[in-house]
Structure formats: C-alpha cells, structure tokens
Amino acid sequence: NNEKIVTCSLDKTVKVWQIYSQKCLQTLCGHRKPVNTVCVSIDGKWIVSGSSDNSIILWDSNTYESIYAFLGHENEVFSTDISPDSSTIISGSADSTVRIR
C-alpha cells in the first residue's frame, strides 16, 4: 500500500517503515550477510530479499515471518523481483545466473 516502504541494509536486515511517521514497524532478520536487494509483490502480500549470503528469502508481509529461504546461487544476489501474479520469483546473482522459481 502507499503507507509503507521496505528497505534492505548492510546490517543483514530488511526493514518495514511507515512513511508518514517515519517509524520502523518491523525488522526482518534471517540473512547471514548484507541484504542487497528487496522487492514487494504488487498485491503487497509478499516481500523477497536477496543477500551476499547467496540466498533469497520470501517473507509474509502481514506476519513478517520468513516463509522460505531459496538457495542455489553460488555468489551474492543483487537483484530480485516478483511476477505480477505473485507466482514467480526471479533473482540475479554475481555468479552470472538468473534463477526463476
């Protein structure tokens, strides 16, 4: 929605912020190295983050729980996206691969 934004950080976290109050609503922890990329599904239900630990994590944006950690990249993940219908996660890595899940 238009009330929240999501950021990623070198401190290994993803944060959800309320825009108007500028307050952090939730800190998502699960990556072991800096988080390089984050995206939110069009319907706002999912958050996907990618990290220097070579993983991608799917988060529930309502409960802020980690749903699944995708492994397989052999180097840092620098790009993530979610398809418009939220059925597919795409990631790009420094290992020169794109993975579609």
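So, P34: this residue is partly exposed, at a relative accessible area of 24%. On that scale, buried means under 20%, exposed means over 50%, and partly exposed is in between, using a 1.4 Å probe and protein chains only. Before I go on, this is a predicted model, where local features need pLDDT of at least 70, side-chain atom pairs count only at pLDDT 80 or more, and totals for chains, interfaces and linings use all residues. Residues are numbered from 1 along each chain as its sequence is written, and side-chain values use heavy atoms, with hydrogens and water left out.

Okay, back to P34. You'll find P34 in the loop between β3, residues 23-29, and β4. When I say strand, I mean a DSSP run of E with at least two residues; helices are runs of H or I with at least four, and the numbering starts from the N terminus. And what does P34 touch, leaving out residues up to four places away in sequence? The list is S9, L10, K12, S51 and S52. A contact here means heavy atoms within 4.5 Å. P34 and V48, by the way, are 14 residues apart in sequence and 14 Å apart in space, C-alpha to C-alpha.

Now step into strand β4 itself, residues 35-40. β4 runs antiparallel to β5, residues 46-51, and five bridges join the two. Two strands count as paired if DSSP finds at least two bridges between them. One spot to look at is V35, which sits opposite S51 in β5. The two strands make a hairpin with five residues between them, and in that turn G44 has a positive phi of about 80°.

Let's zoom out to the sheet. Four strands form an open sheet in the order β4-β5-β6-β7, with antiparallel pairing. β4 and β7 are at the edges with a single partner strand each, so one side of each has no neighbour in the sheet. On average, neighbouring strands of this sheet are turned by 20° against each other, direction ignored. For angles in general, axes are lines fitted to C-alpha atoms, for helices over the stretch in contact, and angles run from 0 to 180 degrees between N-to-C directions. At the β7 end, four bridges join β6 to β7, and W59 has S66 in β7 as its bridge partner.

Back in β4, there's T37. Is T37 buried or exposed? T37 is buried, with a relative accessible area of 9%. The T37 side chain makes a polar contact with the side chain of T80, at 3.2 Å. A polar contact is a pair of N or O atoms within 3.5 Å; within protein, one must be able to donate a hydrogen and the other to accept it, and residues adjacent in sequence count only if both atoms are side-chain atoms.

Next, S61, in the loop between β6 (56-60) and β7 (66-70). S61 is buried too, at 11%.

Last topic, cysteines. C24 is partly exposed at 33%, whereas C39 is buried at 12%.
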